[in-house]
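Work through the exercises below with the sequence and the model in view. Try each task before reading its solution.

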Amino acid sequence: MATIRSLKIKTSSCKRIVKELHSYEKEVQREAAKTADMKDKGADPYDLKQQENVLAESRMMIPDCRQRMETSLADLKATLAKLDELNQNEGPEIEEARTTIAEIENQFPKSEDA
């Protein structure tokens, strides 16, 4: 059964995953700049290869994080819908959940398909 407590947890989870996704995106930018700098300076091939591996690992995390975000968002929407069915559609937790859904959908339009 959907409860306000589970709604709060799912809302927080969505927010956390979005923060994590932004963190990975920043990390990829940082590591890409570092890799380009190493190439420009003619770094040791072994060090360059290690840096490219770090960059590749960072890039691999983004699709996984996006998938978790989309799953979490769908779960939040389902919980909110259950609460609406039970006529529990008012309160600060409900508004926060709706705001979170809107923000995520504005930042990541592809997640609406999930």
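**Exercise 1.** Decide whether Ser58 is buried or exposed, and find what Ser58 touches.

*Solution.* Step 1: the relative accessibility of Ser58 is 3%. Step 2: buried means under 20% relative accessible area, exposed over 50%, and partly exposed in between (1.4 Å probe, protein chains only). Ser58 therefore counts as buried. Step 3: Ser58 belongs to helix α2, residues 45-85; helices are DSSP runs of H or I with at least four residues, strands are runs of E with at least two, and both are numbered from the N terminus. Step 4: leaving out residues up to four places away in sequence, Ser58 touches Glu27, Val28 and Glu31, where contact means heavy atoms within 4.5 Å. Step 5: the side chains of Ser58 and Glu27 also make a polar contact at 2.8 Å. A polar contact is a pair of N or O atoms within 3.5 Å; within protein, one must be able to donate a hydrogen and the other to accept it, and residues adjacent in sequence count only if both atoms are side-chain atoms.

The model is predicted: local features need pLDDT of at least 70, side-chain atom pairs count only at pLDDT 80 or more, and totals for chains, interfaces and linings use all residues. Residues are numbered from 1 along each chain as its sequence is written, and side-chain values use heavy atoms, with hydrogens and water left out.

**Exercise 2.** Describe the chain as a whole: what is its pattern of helices, and what is its radius of gyration?

*Solution.* Step 1: the chain has three helices and zero strands, in the order α-α-α. Step 2: the radius of gyration is 19 Å, whereas a compact globule of 114 residues would have one near 13 Å. The value is taken over C-alpha atoms, and the globule rule is 2.2 Å times the number of residues to the power 0.38. Step 3: along the principal axes, the C-alpha atoms fill a box of roughly 65 × 25 × 20 Å. Step 4: buried residues make up 31% of the 114 residues.
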